[in-house]
Amino acid sequence: MNASTDFRRAQRIASVELSEIVRLSEQAAALRRAGRDVIVLSTGEPDFPTPAPVVEAAHAAALAGQTRYTATAGTSELRDSVATKAGVTRAEVLISAGAKQVLANAMLATLDPGDEVLIPAPYWSSYTEIVKMAGGRAVVVPCLMSDDFKLSPEALEAAITPKTRWLMLNSPSNPTGAVYSTNEIRAFAKVLERHPNIWVISDEIYEHLSYVPVTSFRDAAPDLMHRTLIVNGLSKAWAMTGWRIGWGIGPSELIEAMTVIQGQVTSGACSISQAAGLAALNGDDGLLKTRRDAFRARRDKTVAGLNAIRGFRCPRPDGAFYVFPSVTRVMERGGFPSDGAFCSWLLDKAGVAVVPGRAFGLGGHVRISFAYADDELTEGIDRIFGAVDKLG
């Protein structure tokens with residue numbers, strides 16, 4: 001092989017980066033393989049198993065020969081199940097290989113170079129990278145802890161330009177757990193009524209992990225249904241991250257365009273996973289409440305533990321399974337130039353992996369997941385306490 005052969009990245013991904021969450025998780029895994037005792041509180045993956053009836057349904061589907069291609073947009077049974085629960089038609093539903101593919105499908109199907117997507121920060125780290133990959137421009141709107149990490153109607157209005165194509169919302173939110181109320185969504189709708197060319201993506205993947213009443217954007221703003229895409233899936237509430245099943249609910253013309261993209265990328269979601277997804281949606285949802293209650297208890301324990309650490313300021317999230325405390329006072333005490341430097345120090349000195357706020361568009365914070373077993377959370381918080389306490 002000619003070692004001098006130059007590799008050239010496509011311009012469309014010149015500024016697209018691997019998720020810092022993934023990089024940190026891989027770094028922590030490497031340390032563990034090297035014999036280090038590392039507590040990982042960086043990933044958004046429930047420690048609960050996939051429900052047994054779901055696994056059994058997948059096994060039965062495989063034995064029954066459901067191992068061939070499905071329709072590109074998903075099996076009719078799963079699409080109908082999603083459609084029925086959402087009060088829409090099958091034509092308005094697309095099943096994809098995870099909610100992330102739904103987002104990518106939507107951006108690739110609709111963005112032209114220079115089109116803008118408004119993204120409130122803090123945001124899930126993949127949002128901006130998916131927009132860049134599709135040739136769009138991510139316009140980040142900072143939402144501070146003093147504002148409960150929420151976008152205001154005034155900030156939305158101020159960020160809109162003639163190039164704005166989408167507003168991307170996430171409620172309950174990753175990384176902050178913020179939940180938009182019905183009235184807050186209606187206030188956004190009033191702004192958007194004055195801008196008929198702007199569409200809305202509402203990422204509701206944490207819908208069933210809310211500790212306060214939660215409202216879908218479609219229900220709060222029905223007059224915008226014709227330009228709204230709801231993104232959801234099974235990864236979080238049903239502990240099915242590896243099954244890769246998500247869906248989009250939106251106007252049929254948008255779903256058709258997204259299906260064209262999907263058909264050239266994956267040909268559709270895994271047939272066995274779709275059978276599992278059908279069992280999950282049609283199964284006993286009592287398990288979701290039981291697990292939500294467990295996450296609520298972990299949330300309260302995590303918030304109390306972090307607020308006992310000098311320099312941490314940790315608000316209580318209303319949803320999801322993350323906290324997003326401010327660590328600016330700790331950074332000042334320790335002389336850390338960035339939240340990334342603090343997280344690297346924490347991994348080295350305490351053996352605890354967390355994610356810097358810069359990965360989510362808002363520095364001076366860290367994201368800590370409480371989707372872990374109680375003993376891991378306790379040990380992790382104790383280690384952070386001990387390391388930070390020694391800073392003086």
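Q: Which residues of β7 point one way and which the other way?
A: This is a predicted model. In it, T228, I230 and N232 point one way from β7, while L229, V231 and G233 point the other way. All of these are buried.

Q: How many residues of β7 are buried, then?
A: Six of its six, so β7 is mostly covered.

Q: What does β7 pair with, and in which sense?
A: With β6 the pairing is parallel, over four bridges. With β8 it is antiparallel, also over four bridges.

Q: Which residues stand opposite each other there?
A: S202 stands opposite I230 in β7. On the β8 side, G233 stands opposite G246.

Q: What holds paired strands together in general?
A: Strands of a sheet pair through backbone hydrogen bonds, either parallel or antiparallel.

Q: What is the strand order in the whole sheet?
A: The order is β2-β8-β7-β6-β5-β3-β4, in an open sheet of seven strands with mixed pairing. The edge strands are β2 (93-96) and β4 (137-142), each of which pairs on one side only. From one strand to the next the twist averages 20°.

Q: How does β2 pair with β8, parallel or antiparallel?
A: Antiparallel, over four bridges, with β8 covering residues 246-249. S96 is the residue that stands opposite G246 in β8.

Q: Switching to helices. Which strands does α4 lie across?
A: α4 (residues 99-110) lies across β2, β3 (116-121), β5 (164-170), β6 (199-203), β7 (228-233) and β8. Relative to β7, α4 runs at about 155°.

Q: What is the span of α4 from its first C-alpha to its last?
A: For its 12 residues, α4 reaches 17 Å, close to the 16 Å expected at 1.5 Å a residue.

Q: Why is α4 called largely enclosed?
A: Because nine of its 12 residues are buried, α4 is largely enclosed by the rest of the structure. The buried ones are A99, Q101, V102, L103, A104, N105, A106, M107 and T110.

Q: Next pair: at what angle do α13 and α14 cross?
A: The axes of α13 (residues 339-350) and α14 (residues 374-389) cross at roughly 105° and come within 10 Å. The two helices are therefore roughly perpendicular to each other.

Q: Which residues make that contact?
A: From α13 they are F342, W345, L346 and A350, and from α14 they are R383, I384, A387 and V388. By class, the contact of α13 with α14 has seven nonpolar residues, one charged and no polar.

Q: Which residues other than glycine have a positive phi?
A: Among them are A239, with phi near 55°, and S267, with phi near 70°.

Q: Is A239 buried or exposed?
A: A239 has 10% relative accessibility, so it counts as buried. A239 is placed in the loop between β7 and β8.

Q: And S267: where does it lie, and how is its accessibility classed?
A: S267 lies in the loop between α9 (252-265) and α10 (271-282). At 35% relative accessibility, S267 counts as partly exposed.

Q: Last one, K150. Where is it found?
A: K150 is in the loop between β4 and α6 (153-159).

Q: Buried or exposed?
A: K150 counts as buried, because its relative accessibility is 18% and the cut-off for buried is under 20%.

Q: What does K150 touch?
A: Leaving out residues up to four places away in sequence, K150 touches C143, A178, V179, Y180 and E184.

Q: What separates K150 from E129?
A: Their C-alpha atoms are separated by 21 Å, and the two residues are 21 residues apart along the chain.

Methods. Residues are numbered from 1 along each chain as its sequence is written. This is a predicted model: local features need pLDDT of at least 70, side-chain atom pairs count only at pLDDT 80 or more; totals for chains, interfaces and linings use all residues. Side-chain values use heavy atoms; hydrogens and water are left out. Two strands pair if DSSP finds at least two bridges between them. Axes are lines fitted to C-alpha atoms, for helices over the stretch in contact, and angles run from 0 to 180 degrees between N-to-C directions. Contact means heavy atoms within 4.5 Å. The expected span of a helix is 1.5 Å times one less than its number of residues. Buried means under 20% relative accessible area, exposed over 50%, partly exposed in between (1.4 Å probe, protein chains only). Angles under 35 degrees count as roughly parallel, over 145 as roughly antiparallel, 65 to 115 as roughly perpendicular and the rest as oblique. Ala, Val, Leu, Ile, Met, Phe, Trp, Tyr, Cys and Pro count as nonpolar, Asp, Glu, Lys and Arg as charged, and the others, Gly among them, as polar.
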